[in-house]
Amino acid sequence: MTGETDSGPRQGTTADNPWPVRTVARKIADWINRLGTVWVQGQLTQISARPGTSTAFLTMRDPSADVSMTVTCPARLLRSVEPPLREGASVVLRAKPTFFLGRGTLSLRADDIRAVGIGELLARVERLRKLLAAEGLFAPERKRGLPFLPKGIGLITGRASAAEHDVLANTQARWPAVRFHVRNVAVQGPQAVPQILHALSTLDRNPEVEVIVLARGGGSVEDLLPFSDEALCRAVSAAGTPVVSAIGHEPDTPLLDHVADLRCSTPTDAGKRIVPDVREETERVRQLRDRARRALHGWVDTQDRLLGQLRSRPVLADPLAPIEQRSEHIATGVDRGRRAILATLTREETALEATRARLTALGPAATLARGYSVVQFADDRGNLRVLRSVSEVSPGTPLRVRVADGATHAVGTDAASDAEQDG
């Protein structure tokens, strides 16, 4: 059939030479009839066995995906299963795929049906728990904290159920202004998981919903199986809104409890944990106001005492007194500085007069006044120099003679003749 399906239409059919419907249906039926029997596990969502008929019609659904198939079986086979099967039961059946030519439909023809026992269900839940745990869906770091006061709470629960009443009553008793977005769904049976998934998706997209609560009362293991469904657990883990699980009673622990961001033992407990108590918060606000008032009064009293201490200090009690004291100190310093400067000037002036007298006594002017003179001659460069020896000039050299009241000029003569005259 594979060769016919892949190559037949290309080789044997054209737009001008198509196959009739019966040919296509027969070829499909021939290929499906070659398949052997298979064991299939799923959940019964519909059972139709009319009295007087020999064939029963079932609908089997995959609990982890939106996939279902029609199953037919002898009515006596269905009646032989103990305990009797009901919708929502998990079963394992042996069947052979069958294609009905007249309707062009595919179904499974079952010849053996076995109900899945509680032990097997629990074992499968345990295997799924280990799988999800290994993937990290139970990790504490994935848990998100709930907002202190959510502006909107989504509630997924059964219609007019005790769980719905417990959540609403306890939450509104703690915070009367809380706003709920309630979605009523089936909480057991084959339709539970699809309806819960749809409600969860709707509430998760609502921007006004900041917390989603899944609530259900207690029940048997079979009744709580939808809350251990793999598809539901993965949807809760992927939700962008924090999810609270409030399923059953304290001993009931479906897988949803491990995946949810917060696990509550009962729906009543969920009502107490998703919002604060208005009376407690009012009392806490009153206590905080009292503490703030006492702290403020204490601070004001402390600052008032500090200001009193500052005002009592001399610098603030009489602020001009330190200025006057400093002014007197400055005036005294100025007087002392003036006297010291005058004393120094007098002392230096006296020393200067004594030095001037000594210079006058020892200076050349005083010597000239006593009858001495200074003889100068011009050197080769024309600069006047004091004559200290007769050897420094030759006869006829012009000389300048300085005396006390002026200067006169002379001419040098032979030094030897002068020596003889002096002799």
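Predicted model: local features only at pLDDT ≥ 70, side-chain atom pairs only at ≥ 80, totals over all residues.
**Getting to know the model**

Biologist: Which residues is Trp39 in contact with, leaving aside its neighbours within four places in sequence?

Modeller: Contact here means heavy atoms within 4.5 Å. Once those neighbours are set aside, the partners of Trp39 are Val92, Leu93, Arg94, Asp112 and Arg114.

Biologist: In what order do the five strands close into a barrel?

Modeller: Strands (E, at least two residues) and helices (H or I, at least four) are DSSP runs, numbered from the N terminus. Two strands pair if DSSP finds at least two bridges between them. The pairing in this barrel is mixed, and the order is β1-β2-β3-β5-β4.

Biologist: Which residue of β5 is the bridge partner of Thr72?

Modeller: Look at β3 (residues 68-74) and β5 (residues 105-115), which run parallel and are joined by two bridges. In β5, the partner of Thr72 is Arg109.

Biologist: At what angle does helix α2 run to β4?

Modeller: Axes are lines fitted to C-alpha atoms, for helices over the stretch in contact, and angles run from 0 to 180 degrees between N-to-C directions. Helix α2 (residues 21-33) lies across β4 (90-100) and β5, and its angle to β4 is about 140°.

Biologist: How far apart are the end C-alpha atoms of α2?

Modeller: The expected span of a helix is 1.5 Å times one less than its number of residues. The 13 residues of α2 should therefore span 18 Å, which agrees with the end-to-end distance in the model, 18 Å.

Biologist: What is the radius of gyration of the protein?

Modeller: The protein has 14 helices and 14 strands. Its radius of gyration is well over the 22 Å that the globule rule gives for 423 residues, so the protein is more spread out than a compact globule. Both are C-alpha matters: the radius is taken over C-alpha atoms, and the rule is 2.2 Å times the number of residues to the power 0.38. The radius comes to 62 Å.

Conventions: Residues numbered from 1 in each chain as written. Heavy atoms only, no water.
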